Amino acid sequence: MPLRRIRNLIIIMLYITIAFVITFYILSLKYPHASAFSYETCKATYNMTDDLFKTLNGEVPEGASNVAAASESVHLKTAPAGKANHIAVLMYHYVVPEKYNIEPNNARINLESFKEGMKYLHDEGYHTATLQELEQYVKGEIQLPEKTVVLTFDDGYQNNVVYAYPVLKQYGFKANIFIVGTKLSDQKQKFVPTEKTTISRQEMKATSDVFAYHSHTYNLHYKRLVQCAEYYAAGKDSTRFVHDIELMKAKTGITTPYFAYPYGEYDPQMVYDLKRNGYRMAFTVRPGFVHPGDDPMYLPRMNVTSTTTVRHLLNLPDE
Ligand SMILES: [Zn+2]
């Protein structure tokens, strides 16, 4: 009898083992980076190349990562009346008429809403400051009118030139585009409203009366698989980042001291590398106003969408 019981026990244990193996196998298929089965595969893939993961480039709506966080900066609220106590840096990415906005998200605004926002700024008498002005303002070197705003566009989409430029020009506004160096094309691309084409050198020159162009990295606008199951902004690798800064300056000729962190992700090493390479001011995607005395390497921005309007953002309480 005891022998039979032992045999039964062994059979039961065998069944349990088989069930475990099958469960793990199914889980490994569903969560390729989370299971012990695919860990080696994951590591091997990572070591071989991370170029594969560049396919994520541009597909993450950056505006979506606007997680509210309280500003840790010291605010010097000493500006006299009629002078700006704070300034909103507005952030845009992709601008197209509503009928072409086929995949609406927080990084895509309808042209109609964009126009409405610009009209509001114009009607309210807003001054659109340059980044040079903003830098001096943050350092406490100059004062700016109470109604001052800074306009920024990330990624360098051709639709910024086609749709936003004429509107900005009409109002005599100044704006800034943070370009991804490798996306700056030599030849003007055929513009199709539903496609994510980017600005050419020719368009960059032709629109320089309105747009100032700055760096959004040369080729680090993608998320990189750093450890299995974890993606980080590619700029967080210091060696790559410093090399990328050199490439940006050499290949695009864009050498302004202003920078926007891809996906708004930064760390102290990136700030150190930027400063060592002549950058003096950098933008995150953390919402909030800019004040004199703020750290210029971590400036917040307000993401404007078709539903979160300029009027709403500019009239938010300053926390
Ligand atoms: Zn971007």
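I started with α7 and α8, where α7 passes α8 in a right-handed crossing. For handedness I use this rule: a crossing is right-handed if the near helix is turned clockwise from the far one by less than a right angle, and left-handed if anticlockwise. Helices here are DSSP runs of H or I with at least four residues, strands are E runs of at least two, and both are numbered from the N terminus.

Before going on, a note on the source: this is a predicted model, so local features need pLDDT of at least 70 and side-chain atom pairs count only at pLDDT 80 or more, while totals for chains, interfaces and linings use all residues. Residues are numbered from 1 along each chain as its sequence is written.

**α7 and α8, continued.** I looked up the geometry: the axes of α7 (residues 238-252) and α8 come within 10 Å and cross at roughly 30°. Axes are lines fitted to C-alpha atoms, for helices over the stretch in contact, with angles from 0 to 180 degrees between N-to-C directions. On the α7 side I find S238, F241, V242 and I245, meeting Q269, M270 and D273 of α8. Contact means C-beta atoms, placed from the backbone, within 7 Å. By class I get 4 nonpolar, 2 polar and 1 charged. Nonpolar covers Ala, Val, Leu, Ile, Met, Phe, Trp, Tyr, Cys and Pro, charged covers Asp, Glu, Lys and Arg, and the others, Gly among them, are polar.

**α3 and α5.** Next pair: α3 (residues 111-123) packs with α5 (residues 158-171) at about 15°, axes 10 Å apart. That makes α3 roughly parallel to α5. This crossing is right-handed. L111, F114, K115, M118 and H122 of α3 make the contact with Y163, A164, V167, L168 and Y171 of α5. I sorted these residues into 8 nonpolar, 1 polar and 1 charged.

**Core.** Which residues touch the most other members of the largest nonpolar core? I noted I87, A88, V89, L90, V95, V149 and A282, out of 73 residues. A nonpolar core is a set of buried Ala, Val, Leu, Ile, Met, Phe, Trp, Tyr and Cys residues joined through C-beta atoms within 7 Å. Buried means 20 or more other C-beta atoms within 10 Å of the residue's own, exposed means 12 or fewer, and partly exposed is in between, with C-beta atoms placed from the backbone. Skipping residues up to four places away in sequence, V149 touches I87, A88, L90, L121, Y126, T128 and L314.

**Positive phi.** I checked T217, which has phi near 80° and sits in the loop between β7 (211-215) and β8 (223-227). T217 counts as buried because it has 25 C-beta neighbours inside 10 Å. Y263 has a positive phi of about 60°, in the loop between β10 (258-260) and α8 (268-276). Y263 is also buried, with 22 other C-beta atoms within 10 Å. Most residues other than glycine have a negative phi.

**E98.** I found E98 in the loop between β2 (94-96) and β3 (108-110). Is E98 buried or partly exposed? With 13 C-beta neighbours inside 10 Å, E98 counts as partly exposed. Beyond its neighbours within four places in sequence, E98 contacts N110 and E112.

Note on methods
Contact = placed C-beta atoms within 7 Å. Parallel < 35°, antiparallel > 145°, perpendicular 65-115°, else oblique.
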